[in-house]
Amino acid sequence: MQSKHGEKADPAYKALQKMKDTARRTLPSLNLTFHRRKMLIAYLFVLPSILYFACFFILPVLQAFSRSFTRWTLIRPPVYIGLENYAKLLQDGQFHNSLLVTFYYTTGVVVFTTVLSLALAVLLQRSWPIRSLIRVSYFVPLVIPLFIVGVIGNYAFNQSFGFIPEVTSLFGLGRSAWLSTPTLAMPALILVGIWRMLGFDIILFLAGLQGIPQSLYEVARIDGADTWAEFRFITLPLLRRTIILVLVVTVISNMQAFDLVYSMTLGGPGEATRVLMLNIYETGFRHLRMGYALAQAMVLFLLMFGISLLQFIVLRGYSNE
């Protein structure tokens, strides 16, 4: 339906035309090119995410960095002490032990998870009768809260009724007290950490494998290549970026391990599983030395930032090939 002047009488149409006229009058007055107008609109859409990231990540990190130069007990106001906290870190044996324990745990989980997830992803890429069910079973631990995963791990390694000691006893190795033995507690944590991360890494590798053209494998088979040759000369080279991504994500995730350790061992026995995040937590909230805890957190942050920067450099090198 139209009026005498040929304009549509629909109120929504009139409102839309009014908005367009306003935009035509406003944007040219800013003396912007068409490309810059598009960029401006794009930045306006991204602005809420930028503000959220700035308020809940950048500002807290900057504040934590400034408080790491103070003596702060959470009860009294912070007192500036310069580099004293960082100087203590150089002589703190407990902090050094926590770093070594963190690297031990992270290395164990990353190495075995990467190898196993890649092998399983290659197998699951093929046609199996229950392939979908197997994929789901590996992904289930990822959706369970880490604290619950730790509780499950605690039951699994319990000396009295856990199924892991039961399996070892069947092979004549006895029912070992895994979580109360210093030499066995960390391997137990690593096994549970592998179980937790395996599904996530498999998903990433499956996504990478689906991006490899099947025609490459067909040509390789025509040339007489066996399964190992296909994996070595086609799969591995074309999965370099995915492998680097998996390594970096897995390293950063496990360097921040806390819930799993807290729910399974509480850092014990002794200090055999006292990872850095647990040490930071106890220093800040149990001993009320928050300034010193923040200095340790900054060291951990710099380590993870260095790993992320290394990923960027390596990926940029591969993109230029």
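Student: Which residues does methionine 298 touch, not counting residues up to four places away in sequence?
Tutor: In this predicted model, methionine 298 touches Val61, Ala64, Phe65, Ser68 and Tyr86.

Student: Where does methionine 298 lie?
Tutor: Helix α14 holds methionine 298. The helix covers residues 290–319.

Student: And is methionine 298 buried or exposed?
Tutor: Methionine 298 is buried, because its relative accessible area is 9%, and the cut-off for buried is under 20%.

Student: How many residues apart in sequence are methionine 298 and alanine 64?
Tutor: They are 234 residues apart in sequence, while their C-alpha atoms are 7.9 Å apart in space.

Student: What percentage of contacts in the protein join residues at least 24 apart?
Tutor: Among contacts between residues at least 6 apart in sequence, 64% join residues at least 24 apart.

Student: Going back a step, how many helices and strands does the protein have?
Tutor: There are 14 helices and two strands. The protein has 321 residues, of which 34% count as buried.

Student: New topic: how many aromatic pairs does the structure hold?
Tutor: It holds twelve aromatic pairs. The rings of tyrosine 155 and phenylalanine 161 have centres 5.7 Å apart and planes at 40°.

Student: Why does the pair of tyrosine 155 and phenylalanine 161 count as tilted?
Tutor: Planes under 30 degrees apart would be stacked and those over 60 edge-to-face. The planes of tyrosine 155 and phenylalanine 161 are at 40°, so the pair is tilted.

Student: Is tyrosine 155 buried or exposed, and what about phenylalanine 161?
Tutor: Tyrosine 155 counts as exposed, at 52% relative accessibility. Phenylalanine 161 is exposed as well, with a relative accessible area of 52%.

Student: Which residues form one aromatic cluster?
Tutor: Phe258, Tyr262, Tyr281 and Phe285 form one.

Student: What lies over the face of tryptophan 72?
Tutor: Arginine 67 does, at 4.6 Å from the ring centre.

Student: Now the backbone. Which peptide bond is cis?
Tutor: The bond from glycine 268 to proline 269 is cis, with omega near -5°. Proline 269 is placed in the loop between α12 (259–264) and α13 (276–286).

Student: What is phi of leucine 266, and where does leucine 266 lie?
Tutor: Leucine 266 has a positive phi of about 60°, although it is not a glycine. Its place is in the loop between α12 and α13, where proline 269 is also found.

Student: And what about phi of leucine 288?
Tutor: Phi of leucine 288 is near 55°, again a positive value in a residue other than glycine. Leucine 288 lies in the loop between α13 and α14. With a relative accessible area of 31%, leucine 288 is partly exposed.

Note on methods. Residues numbered from 1 in each chain as written. Predicted model: local features only at pLDDT ≥ 70, side-chain atom pairs only at ≥ 80, totals over all residues. Heavy atoms only, no water. Phe/Tyr/Trp six-rings, centres within 6.5 Å; stacked < 30°, edge-to-face > 60°. Buried < 20%, exposed > 50% of the residue type's maximum accessible area, 1.4 Å probe, protein only. Lys NZ or Arg CZ within 6 Å of the ring centre and 35° of its normal. Helix = DSSP H or I, 4+ residues; strand = E, 2+ residues; numbered from the N terminus. Contact = heavy atoms within 4.5 Å.
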